[in-house]
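Student: Hi! I'd like to go through this structure with you. Can we start with how the pieces get their names?

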Amino acid sequence: MTATRTAEPAVAAIPHPRARPGSKTPRAARWTRQWPLLPLLATVLLLALPVTDAGTGEAQVTRPADLASGLAVLLCLARLLYFRQRPLAPAAAVVLGLPAVGFAVATVTAADPSAALPGFVRYLQVFVLVPAAVCLLIRDAQGFRIVTGALVLLALVQGVTGIHQYATGTGASYMGEDIRAVGTFGPGDIMGMSTVVAFGLLATAVHVLRTPEGAPRWLRPCALGATAVLLVALVLSFSRGSWIATAIAALALLALTGPRQAVRALAVLSATAVVLVGGFGIGSEMVSQRLTSITEVTAAPDQSVTDRYTMWAAAASMWREEPLAGVGLKGFPAHRDGHASIALSAGSDTAGAGQDFRKQPLLSPHNMYLLVLSEQGLIGLTALAGSWLAVLVGGVRRVIISSARGNTAVDCGLVAAGLMVWQTVDFLYADIGGPSTVLTGIVLGLASWWALAGPERARTA
């Protein structure tokens, strides 16, 4: 007697429990859960809009971007209070909140606390609230890459605008010609475009060196093309400070990615520089003169360098007068003439890019560390610089650890480390002020996210 085998009924494929009819796919769900990033994206992208004063045409503080950053802070507060979501970790709260102590002390001890109050609000926004909001609103590596993508998009818009200004002679005045690339920031903020372009350049360079795992094939060639465009725009900004900071940050990135990648990247950058400057002659004569002037800052300094040295000496004199708490926030302009020598000029000459000739007043020492030291004393400088140092060291350390462990989000760490290195170096000869100031808070937030929370979130995403 033989057993007969009956045909088994066909079993329909059981859908994934989360894939209900009409529900979104996992990929779409991942994009949907990033909606809290919208205020951050608006903060970055609104900086592409030229904001001018109707009476003078001079670029003013970009209020739409500031309002968007305020909305991001309010969104974080609402989520913490209403949804009871976990706030920052204790270490992150201490590192990000420490600068507020120096701001408060400098405001209370100022000769006129009411005059120092706007400075307290601005510093708190840029160095505490916005970075904390970035840390809270970015949930994983994908969110980090989205914000970085907006940063690159802004850099491309400003960079292409700057290249067009150089090619058509509609930029800011430089050596008697309206050729300096300043983007939409105008001649009143000549560091704005170079800062934005440098941020985007570092981000695209990272994606050339270390493309994220699972990224489309077109990402690397597009990143390479964007890097070339942004490199040209950075050169045409004629900003010596941005050149130095970008070179140091790029060297740091090359050191973190390994010797093989470093050799390849240096070869590509050298070939690109030869083609752009040597082959096409893009600003070759003026670029060479600008590079030469870097080595002449002590032997034969120009008036801008003399003004900077004079203001540095004035800031140091203010600190010696009030070593602990400084002269108070926003106090440098009021005390400048009492501490500066007669070598200081009346201001820097600005013209071009749709603006008539005018004198730009020198209201800061163009050195963030000396500005903090003069206005906030040792208390403020220790708190602020200590916070930055913790973020920088923690970020670099986690890049090394993540690379050794094969973390797929190491590209985020490289971007964060590069941006933080650039910012800390640039602050040696620049300070906050102008439309691009709010972007400093975004960059500090990206670096803080990686240093204080990023790798763990990337592994569990």
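This is a predicted model: local features need pLDDT of at least 70, side-chain atom pairs count only at pLDDT 80 or more; totals for chains, interfaces and linings use all residues.

Student: Let's switch to rings. How many aromatic pairs are there?

Tutor: A search of the whole structure turns up ten aromatic pairs. Take Phe-103 and Phe-127: their ring centres are 6.3 Å apart and the planes meet at 45°, so this pair is tilted.

Student: Which parts of the chain does that pair tie together?

Tutor: Phe-103 belongs to helix 4 (residues 90-108) and Phe-127 to helix 5 (residues 113-137), so the pair ties together parts 24 residues apart in sequence. Phe-103 counts as buried because its relative accessibility is 0%. Phe-127 is buried too, with a relative accessible area of 3%.

Student: What about the rings of Phe-127 and Trp-388, how far apart are their centres?

Tutor: Those centres are 5.6 Å apart with the planes at 50°, so that pair is tilted. It links distant parts of the chain, since Phe-127 is in helix 5 and Trp-388 is in helix 14 (residues 368-405), 261 residues apart.

Student: Which residues do ring pairs link into a cluster?

Tutor: The cluster holds Phe-103, Tyr-123, Phe-127, Tyr-369, Trp-388 and Phe-427.

Student: Now the inside. How many residues are in the largest nonpolar core?

Tutor: The largest nonpolar core has 69 residues, and Leu-439 and Ile-442 have the most contacts inside it. Helix 15 (residues 410-426) gives the most to this core, with ten residues. Apart from it lies another core of 36 residues, with Phe-127, Met-311, Leu-362 and Trp-388 among them.

Student: What does Ile-442 touch?

Tutor: Leaving out residues up to four places away in sequence, Ile-442 touches Leu-40, Thr-43, Val-44, Val-130, Val-134 and Val-147.

Student: Which residues of helix 2 are buried?

Tutor: In helix 2 (residues 38-45), the buried ones are Pro-39, Leu-40, Leu-41, Thr-43 and Val-44. Their cover includes helix 3 (63-82), helix 5, helix 6 (141-168) and helix 16 (437-452).

Student: One more topic: backbone angles. Which residue other than glycine has a positive phi near 55°?

Tutor: Phe-238 is one, with phi near 55°. Phe-238 lies in the loop between helix 8 and helix 9 (240-257), and it counts as buried because its relative accessibility is 0%.

Student: And what is phi for His-366?

Tutor: His-366 is not a glycine, yet its phi is positive, at about 55°. His-366 lies in the loop between strand 4 (355-360) and helix 14.

Student: Is His-366 buried or partly exposed?

Tutor: His-366 counts as partly exposed, because its relative accessibility is 27%.

Student: Last one: where is Val-232?

Tutor: Val-232 is in helix 8 (residues 219-236). With 11% relative accessibility, Val-232 counts as buried.

How values were computed. Residues are numbered from 1 along each chain as its sequence is written. Side-chain values use heavy atoms; hydrogens and water are left out. Rings of Phe, Tyr and Trp (its six-membered ring) pair if their centres lie within 6.5 Å; planes under 30 degrees apart count as stacked, over 60 as edge-to-face and the rest as tilted. Helices (H or I, at least four residues) and strands (E, at least two) are DSSP runs, numbered from the N terminus. Buried means under 20% relative accessible area, exposed over 50%, partly exposed in between (1.4 Å probe, protein chains only). Contact means heavy atoms within 4.5 Å. A nonpolar core is a set of buried Ala, Val, Leu, Ile, Met, Phe, Trp, Tyr and Cys residues joined through side-chain atoms within 4.5 Å.
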